[in-house]
Amino acid sequence: MRLLRRAGQGVNKGLLITDVRLVDERSDFRGDLYIKGGLIRAVGVNLRIPGANVLSGEGRTLLPAFVDLHAHFRDPGYPEKEGIGSGSAAAVHGGYTTVAVMANTAPVCDRPEVALYMRVEAEKAGLIELYAMGAITRGLAGEELSDMEALAPHVWAFSDDGFGVQRTDMILRAFQRAATLGRPIAEHSEYLGIDDPALAEELMVNRDTFLSRRIGAALHVEHVSSAGSVKLIAAAKRAGTRVTCEVTPHHLCLEPGYTVNPPLVTEKTRDRLIVALASGEIDAVATDHAPHTAVDKNRGAPGISGIETAFSLLYTQLVRSGRLDLPTLVRAMATRPAQILGLNKGSLGIGRDGDVVLVEEGEEFTVTTDWLLSRGKNTPLLGERLRGRVWATVHRGEVVYLDGKLRGKVVG
Ligand SMILES: [Zn+2]
């Protein structure tokens, strides 16, 4: 690696990243950062660490690595769409070192073996930390609860993502068990059979915030896409409900005209979602990375392969336009999702995990199928020029992606 100088004699002397603009939720200054033993050990100006491996940032911007609360890696079941290896590669290409993956695999992640398989495959790929989501209902069929007790030690939350849990008796019992197990319910809020997508979402958000407060179980609302949902969630938070929520980059940035679920929204709604993200009413950005083959996409499969473009899209559209400042984007992409997952990540504080990303704020690049490491090339951004290129991704002090190279392997 061109800029990575190994000065030690095979001894791990840590990684010193020099000459960067360091930005997290609370700070913004020029300096250096030192990681050793997987943790951030020093942050300052002109750090000198004898024997450390040095990565010169050459004026680039260093942020806490991103944490994705919502992605689909399609393995087991649909390796032609994505694998855990290709999904991990796409993640670090997008600046993510931590990804929560949804249960709509085949078999469904409704038993511990599936969650364990995903974890082991991610460890083999060796790029990211993967957190599985467990299904709320068996086979995501909505008819019978999964064995939530057996799943709990292996998952961070329960979700039937792809579907909302339609039956109120079912979600009530799921909340009761989730409360006992200390795990959140993450809901894809959508009542089926209602033509107005905003109403279909708001009805379920209304039901779930009520039940969450009544039962005392944490609720995480996935991919919020309506101003009404934002209002309901904000009111629930004020009333002391343990509720958090996420929004996708595409619901913040893209005009309708591409098939996703929930559907893309009007400019007026996008404006409201951006304001809610800036104020903290919306906690986090989650990608809902949904890779598909060209054949499946042409048949109408909903979703965007979005984990690689998330930061650059948001940086280009929201930060450069002055609608969101960079520390707020960092809060939404790293700090809050790390808190929601209960991880020691998401800031550049001493003692935090050494998960960081270096970005080139001014660098413009074009999104192409070759540039995407995901198997899913389904994105409306093909051919678009974006700024805020991810230059390097560091996971626990190890450079897992650097300037077109994936841990030693040349890509794209
Ligand atoms: Zn969903």
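Author: Let us begin with V99. Leaving aside neighbours within four places in sequence, V99 is in contact (heavy atoms within 4.5 Å) with D68, A71, F73, A91, I128, E129, L130, Y131 and I307. This is a predicted model, in which local features need pLDDT of at least 70, side-chain atom pairs count only at pLDDT 80 or more, and totals for chains, interfaces and linings use all residues. Residues are numbered from 1 along each chain as its sequence is written, and side-chain values use heavy atoms, with hydrogens and water left out.

Reader: Which residues have the most contacts inside the largest nonpolar core?

Author: They are L63, V99, I185, L252, F311 and M333, in a core of 93 residues. Such a core is a set of buried Ala, Val, Leu, Ile, Met, Phe, Trp, Tyr and Cys residues joined through side-chain atoms within 4.5 Å; buried means under 20% relative accessible area, exposed over 50%, partly exposed in between (1.4 Å probe, protein chains only).

Reader: And which helix gives the most to this core?

Author: Helix α10, residues 310-319, with 7 residues. Helices are DSSP runs of H or I with at least four residues, strands runs of E with at least two, numbered from the N terminus.

Reader: Turning to the metal, what coordinates the zinc ion?

Author: D161 (OD), H188 (ND1) and H223 (NE2) do, at 1.9 to 2.3 Å. Donors are N, O and S atoms within 2.8 Å of the metal (3.2 Å for Na, K and Ca); water is not among the atoms, so sites may look incomplete.

Reader: Is D161 buried or exposed?

Author: D161 is buried, at 4% relative accessibility, and H188 is buried at 3%.
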